[in-house]
Structures are given as C-alpha cells and as structure tokens.
Amino acid sequence: MDKDSTVLLEIQDIHKEYDKKEVLKGVSLDLHKGEVLVVLGPSGCGKSTLLRCLNGLEKIQSGDIKFKNESLTQKNMDWKDIRLKIGMVFQNYELFPHMSVIENILLGPLKVQKREKAEALAQAEELLTRVGLLDRKDSYPRQLSGGQKQRIAIVRALCMNPEIILFDEVTASLDPEVVREVLDVILGLAKQGMTMVIVTHEMGFAHSVADRIVFMDEGTICETSKPDEFFKNPKTERAQHFLNILQY
C-alpha cells in the first residue's frame, strides 16, 4: 500500500526526566499517515517512555509533540480527547476482570464516545470476527489465554476508531507459542493502512512489518532506516552491536 505524505505526528526535540535523570535527550521524529514505525533498542533506552509521552501518560520537560499540526503540550490540553485519536495497547492487556469481553470492548465507545449501542456492537463483532474471537465475546478475561487477551486489547483499541495506535511490547508477557497470533493481527492492520508506532523485541516481526526502523540508545535516536538497510547494513556501531548480540 502506498504511504500518504501527510504528517500525522511531529515529535520535536523532546526531553523527559525522571528524578533528574534524563531519559529522552532531544528526540525528534515524524510519523506519516499509513506508516508503520518500529522502535528498537536495548532495555532502558527510552522506547516505552517515548510511547507514553506520545499518549500523554508521561509529561515532557521540553520540546513539542504535534498531532495534525496541533501542539499537544498546551497547558489546557484535554488528553482524554487525544487518546481517542492516539490509541495505545500495553503488554499487560489492562482488561477489566469483572467484565466480559464484549463489555470491555464497548465500555469506551458507549461511555466515552456516546455512540449508539447497535452501531458499536456491530463494529465490535466485526473486529472480533477478524481476530478469530467472536465465539469468546461473552467470556471473561480469566477464561482467556494471554494471546487471546492481547487480541481483545487490540480490538478494544480499534473499536475507538483511532487514527494512530501505539503498541508497547505487546508480546513481551506472552508464551512463545501464542506470540504469532498477536503479531499476525498487527501485520493485518499494517496491510490495511493503519498508522502505527510499535516497540518490540521481535526482530523478524519488526523486519516484516516496518516501513521505517528507529533505533534508540540511551535516550536518543541513533539511526532511522528502511528495514532492509537496518538489518543488513546498520549505519552505527551501536546498532551493529545490538544486532550481533541478538544474532539477527
């Protein structure tokens, strides 16, 4: 699918500190409509912090984040509205245990977006069918495998009709045999033109799904490349070392 030239998200020289320790050190990046950015790097390099800043879960100390040319760092920014447009899927699912699958999915569309139940339900069932879980719509999270829970979390995010979805290590807590079923769902979204930023340690998946690879280390972006370029001929010594350790 051809990528749109429209820039949806602009990250401009952002800095983030925890207890006077700088975690993001002037990160700048653009995300285009329909593009899949995969962020790679060693643990602790700032990948997940970057995603949390883009979703307003962490406050930056300086710099700017713009969504469709609107600054998200304004004092009175309503992040509840922004999160409807920039969805996020976490590695720990965050499903409500006392609610069924369908109740978890419909909570946002009905309570936050105030949509008609019939319309939201039809979309939820269509999405559940797409990920192969329509038959589990009345199940509770405790009755599902980790892979099933993660697919439900993805459906829940999609049912809010976001323009961008952020994926933060969504397979990190899964057993190896169920990782593939989650990655296949994300690959399907990429083929349909969903705009995504993905943090992952799954190198084969990163290679196959990404339009661009962003490699981070120690709070900075070391290099940005097309997948083939990054995996076959990384520009920096740090990226070469990273890939050698992973034997990719």
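Trainee: Are α5 and α6 roughly parallel or roughly antiparallel to each other?

Mentor: Roughly parallel. This is a predicted model, and in it α5 (residues 146-158) and α6 (residues 176-191) pack at an angle of about 20°. Since angles under 35 degrees count as roughly parallel, that settles it. Their axes are 8 Å apart, and the crossing is right-handed.

Trainee: Nice. Which residues of α5 and α6 make the contact?

Mentor: From α5 they include Arg151, Ile154 and Leu158, and from α6 Val182, Val185 and Leu189 are among them. The residues of this contact divide into seven nonpolar, three polar and two charged.

Trainee: Switching to the sheet: in what order do the strands come?

Mentor: The order is β6-β7-β8-β3-β9-β10, six strands in an open sheet with mixed pairing. β6 (86-89) and β10 (220-225) are the edge strands, each pairing on one side only.

Trainee: And how many bridges join β6 to β7?

Mentor: Four, and these two strands run parallel. Gly87 stands opposite Ile165 in β7.

Trainee: What lies across β3, β9 and β10?

Mentor: Helix α9 (residues 237-246) does, running at about 95° to β9. Helix α1 (residues 47-54) lies across β3, β6, β7, β8 and β9, at about 150° to β7.

Trainee: Last one, Val209: buried or exposed?

Mentor: Buried, with a relative accessible area of 5%. Val209 lies in helix α7 (residues 203-209). Leaving aside residues up to four places away in sequence, Val209 touches Val36, Val38, Leu187, Ala190 and Ile198.

Terms used: Residues are numbered from 1 along each chain as its sequence is written. This is a predicted model: local features need pLDDT of at least 70, side-chain atom pairs count only at pLDDT 80 or more; totals for chains, interfaces and linings use all residues. Side-chain values use heavy atoms; hydrogens and water are left out. Buried means under 20% relative accessible area, exposed over 50%, partly exposed in between (1.4 Å probe, protein chains only). Contact means heavy atoms within 4.5 Å. Axes are lines fitted to C-alpha atoms, for helices over the stretch in contact, and angles run from 0 to 180 degrees between N-to-C directions. Angles under 35 degrees count as roughly parallel, over 145 as roughly antiparallel, 65 to 115 as roughly perpendicular and the rest as oblique. A crossing is left-handed if the near helix is turned anticlockwise from the far one by less than a right angle, and right-handed if clockwise. Ala, Val, Leu, Ile, Met, Phe, Trp, Tyr, Cys and Pro count as nonpolar, Asp, Glu, Lys and Arg as charged, and the others, Gly among them, as polar. Two strands pair if DSSP finds at least two bridges between them.
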